[in-house]
Amino acid sequence: MSLDPPTYLASLQSNIRQRPIPWDGAVRAGTLTEDQYAKIRAVDKAKKPEQRRDIVEADMDAYRLLFVGGDGKTSVLETAGKHPNVIQYILVLLADLFDAVPSLAKALLSNPDPYRHFLPMLRSNTTEDPIPLLTSHALTNLMTLARDDSKATRQALPVMLTYLAVLAKSSDAGLQDIAVQEYSALLFSHVSRDQFWKQRSETVTPLITILQTAAGIENGGNSSASLWSGNASVRTTGFEGFLGGSVGLQLLYHVLLVIWQMSFEAEEIGDDLNDEYDIVLLYTHLLRLSPKEKTTRLILSTLYNLLEKNQKTLLPTAVLARLPALLENLGSRHLTDPDLQGDLESLKELLDEYTKTKTTFDEYVAEVQSGHLRWSPPHRSQVFWAENARKILEFENGEIPRKLAEIMQKPWDNDKQVLAIACNDIGCLVKEVPEKRYQLEKVGLKRRVMELMQSDDESVRWESLRALGGWLKYSFEQN
């Protein structure tokens with residue numbers, strides 16, 4: 001997929017191309033050899049891409065040696081190492097040559113150690129340093145044009161991703177966009193996507209943070225709590241193209257593109273992606289806010305890839321997030337993109353097939369297993385508890401009470417209603433199946449309910465008091 005080059009990078013390259021370099025003086029000073037200068041001058045004078053292609057293809061091995069060295073020849077990056085202006089020019093020239101002569105990439109990679117002079121140049125104490133920026137751009141072109149998964153590239157890729165991760169965490173949207181576009185270019189194979197996932201604390205986490213900001217979740221808030229409780233809100237900045245927290249539409253699109261590319265590994269990473277980042281819930285919320293069909297399509301396609309490969313674990317979460325109703329609403333809009341329409345129908349069919357066979361009991365179990373409770377209809381339904389309380393206690397040898405205990409051990413500072421709902425459910429279980437109180441006590445639920453009577457939140461105190469009241473009532477009756 002072709003993407004417009006980041007403005008910041010394009011401007012930097014343009015300035016460097018126009019900057020005069022005293023080549024004769026550089027040769028006299030030993031910054032580069034006569035032979036290296038001759039090769040540079042030949043392509044520098046040829047401004048048309050086809051002319052440059054003819055020059056390089058006629059002497060491909062010499063240009064390989066110019067940039068990566070070998071056969072007793074020194075790379076120009078090594079000889080000019082202490083002269084930043086020359087290095088910057090060489091890196092811009094190399095990127096330009098890749099555009100004009102794509103076959104140069106494979107030629108460079110035929111060297112036994114093609115990355116030796118490039119990787120040290122990725123080290124920097126500041127994100128504004130032009131040499132690492134230009135190096136990462138050149139290496140991205142090198143790897144993607146050659147579609148290379150060699151041992152040398154597999155060893156270089158983690159270093160590249162670590163550098164780009166620093167840019168992705170920057171507060172500068174231009175630098176973030178450079179990182180995200182280069183990520184997208186690099187994720188052309190299972191090998192690169194696998195490495196990207198292995199480094200997810202560096203690579204994926206900052207991208208999710210950008211998406212959370214677009215969804216209106218900022219300042220370190222608990223994303224899951226904010227989204228389940230409906231506290232996330234998108235703020236516009238007064239003109240089209242920016243979402244919550246001033247995330248530009250272009251950056252949003254590029255981040256969604258990278259996550260979509262990663263969703264092709266859904267079978268391996270889908271569950272972890274949802275466990276660690278609440279991706280289904282986040283994407284459902286982003287779908288409500290999506291400003292353009294191109295972003296909507298990426299969101300729908302990513303959700304389909306994740307849900308289709310992880311139906312047992314992720315479809316229940318999608319239903320709890322009210323994705324089916326959202327898809328119905330989306331289907332009523334006038335959509336012009338046929339691919340988007342196809343993705344929408346595929347996702348609706350997948351969810352319709354799932355929901356046709358599910359009962360209210362299944363929905364309740366899925367909600368508890370998701371680890372986050374909301375005031376969905378079963379919690380307040382006397383009929384539901386009368387019909388299902390015993391079944392809930394017996395399900396998978398007591399999995400539901402254990403999961404409720406796990407949920408209640410968290411403080412839920414950003415969403416206290418979860419604790420109130422859990423206390424409500426425990427009270428209902430005690431009321432309907434009082435003889436099974438010991439099962440709840442065994443996993444620590446009575447003790448936790450008693451602790452929550454001291455909560456600062458009024459609804460938590462009220463629900464914990466009601467739950468404990470049922471316990472005491474049946475304890476007195478038994479005595």
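1. In this predicted model, the contact of α15 with α18 is formed by L249, L252, Y253, L256, L257, I259 and W260 on the α15 side. Their counterparts in α18 are K294, T295, L298, I299, S301, T302 and N305. By residue class, this contact divides into nine nonpolar, four polar and one charged.

2. Two packed helices are described by the angle between their axes and the distance between the axes. Here helix α15 spans residues 249–262 and helix α18 spans residues 293–309; their axes come within 9 Å and cross at roughly 20°. Because angles under 35 degrees count as roughly parallel, α15 is roughly parallel to α18. The crossing in which α15 passes α18 is left-handed.

3. As to the chain as a whole, its secondary structure consists of 28 helices and zero strands. The radius of gyration is 29 Å, whereas the globule rule gives 23 Å for 479 residues; the value is well over that figure, so the chain is more spread out than a compact globule. Along the principal axes, the C-alpha atoms fill a box of roughly 100 × 45 × 45 Å.

4. Two further totals describe the chain. Of its 479 residues, 54% count as buried. Among contacts with a separation of 6 or more, 72% come from residues 24 or more positions apart.

5. Is H137 buried or exposed? The residue lies in helix α9 (residues 130–146), and its relative accessibility is 18%. Since buried means under 20% relative accessible area, H137 counts as buried. Leaving aside residues up to four places away in sequence, H137 touches L9, Q13, A95 and E182.

6. Backbone torsions call for a remark at D278. Although D278 is not a glycine, it has a positive phi of about 50°. D278 lies in the loop between α16 (266–277) and α17 (279–289). With a relative accessible area of 22%, D278 is partly exposed.

7. A corresponding remark applies to R322, which is not a glycine and has a positive phi of about 65°. R322 is placed in the loop between α19 (311–320) and α20 (323–331). Its relative accessible area is 48%, and R322 is therefore partly exposed, given that exposed means over 50%.

Definitions and conventions. Residues are numbered from 1 along each chain as its sequence is written. This is a predicted model: local features need pLDDT of at least 70, side-chain atom pairs count only at pLDDT 80 or more; totals for chains, interfaces and linings use all residues. Side-chain values use heavy atoms; hydrogens and water are left out. Axes are lines fitted to C-alpha atoms, for helices over the stretch in contact, and angles run from 0 to 180 degrees between N-to-C directions. Helices (H or I, at least four residues) and strands (E, at least two) are DSSP runs, numbered from the N terminus. Angles under 35 degrees count as roughly parallel, over 145 as roughly antiparallel, 65 to 115 as roughly perpendicular and the rest as oblique. A crossing is left-handed if the near helix is turned anticlockwise from the far one by less than a right angle, and right-handed if clockwise. Contact means heavy atoms within 4.5 Å. Ala, Val, Leu, Ile, Met, Phe, Trp, Tyr, Cys and Pro count as nonpolar, Asp, Glu, Lys and Arg as charged, and the others, Gly among them, as polar. The radius of gyration is taken over C-alpha atoms; the globule rule is 2.2 Å times the number of residues to the power 0.38. Buried means under 20% relative accessible area, exposed over 50%, partly exposed in between (1.4 Å probe, protein chains only).
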